[in-house]
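Open your viewer and keep the selection tool at hand.

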Amino acid sequence: MTFVVGENCIKCKHTDCVEVCPVDCFYEGPNFLVIHPDECIDCALCEPECPVEAIYSEDELPEGQEVFLELNAELADLWPNITEMKESPADADQWDGVEGKLQHLER
Ligand code: SF4
Ligand code: F3S
């Protein structure tokens, strides 16, 4: 089991999540974070930390976001590790809850 970063992180990227992870398994892309599924210990600490509720247990991913399980695994191998919180994008609030954000994912 792993936790998964879902669609609402795209262009919101608040990074509160990385501060609580005991195994430092978050990886950072240009406008999205992912969790490495082989490193996550399923502790659930990060889930309530995300201000836009973008983190899910893999068995609770909302309908239509199943693709994010694969995406987290794929991108965690490509992107650098992140362990310290940084400033959110200036327009993060405007993107909270916007549908269809997957098309804005930058690699
Ligand atoms: Fe890290 Fe725990 Fe979240 Fe997994 S569930 S990403 S181990 S904080
Ligand atoms: Fe993304 Fe939420 Fe973390 S917006 S960077 S999953 S705190």
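Select Trp79. Its relative accessibility is 10%, so Trp79 counts as buried. Buried means under 20% relative accessible area, exposed means over 50%, and partly exposed lies in between (1.4 Å probe, protein chains only).

A note before you go on: this is a predicted model, in which local features need pLDDT of at least 70 and side-chain atom pairs count only at pLDDT 80 or more, while totals for chains, interfaces and linings use all residues. Residues are numbered from 1 along each chain as its sequence is written, chains are lettered from A and ligands numbered from 1 in the order in which they are written, and side-chain values use heavy atoms, with hydrogens and water left out.

**Stop 1: the rings**

A search of the whole structure finds 2 aromatic pairs. Rings of Phe, Tyr and Trp (its six-membered ring) pair if their centres lie within 6.5 Å; planes under 30 degrees apart count as stacked, over 60 as edge-to-face and the rest as tilted.

Phe32 sits in the loop between β2 and β3 (33-35), and Phe68 sits in helix α2, 36 residues apart. Helices (H or I, at least four residues) and strands (E, at least two) are DSSP runs, numbered from the N terminus.

Trp79 belongs to the loop between α2 and α3, 47 residues from Phe32. Ring pairs link Phe32, Phe68 and Trp79 into a cluster.

**Stop 2: the charges**

How many salt bridges does a search of the whole structure find? There are 3. A salt bridge is a side-chain nitrogen of Lys or Arg within 4 Å of a carboxyl oxygen of Asp or Glu.

Select Lys13 and Glu28. They form a salt bridge, with the closest N and O atoms 2.7 Å apart. Lys13 is in the loop between β1 (3-5) and α1 (16-20), while Glu28 is in strand β2 (residues 26-28), 15 residues apart. Lys13 is buried at 10% relative accessibility, and Glu28 is buried at 15%.

Lys86 lies in the loop between α2 (67-76) and α3 (92-95), 58 residues from Glu28. At 41% relative accessibility, Lys86 is partly exposed.

**Last stop**

Select Arg107 and Glu74. Here the side chains meet in a salt bridge at 2.8 Å, N to O. Arg107 is in the segment after α3 and Glu74 is in helix α2, so the pair ties together parts 33 residues apart in sequence. Arg107 is exposed at 59% relative accessible area. Glu74 is partly exposed at 38%.

To finish, show Lys13, Glu28 and Lys86 together: salt bridges that share partners join these residues into one network.
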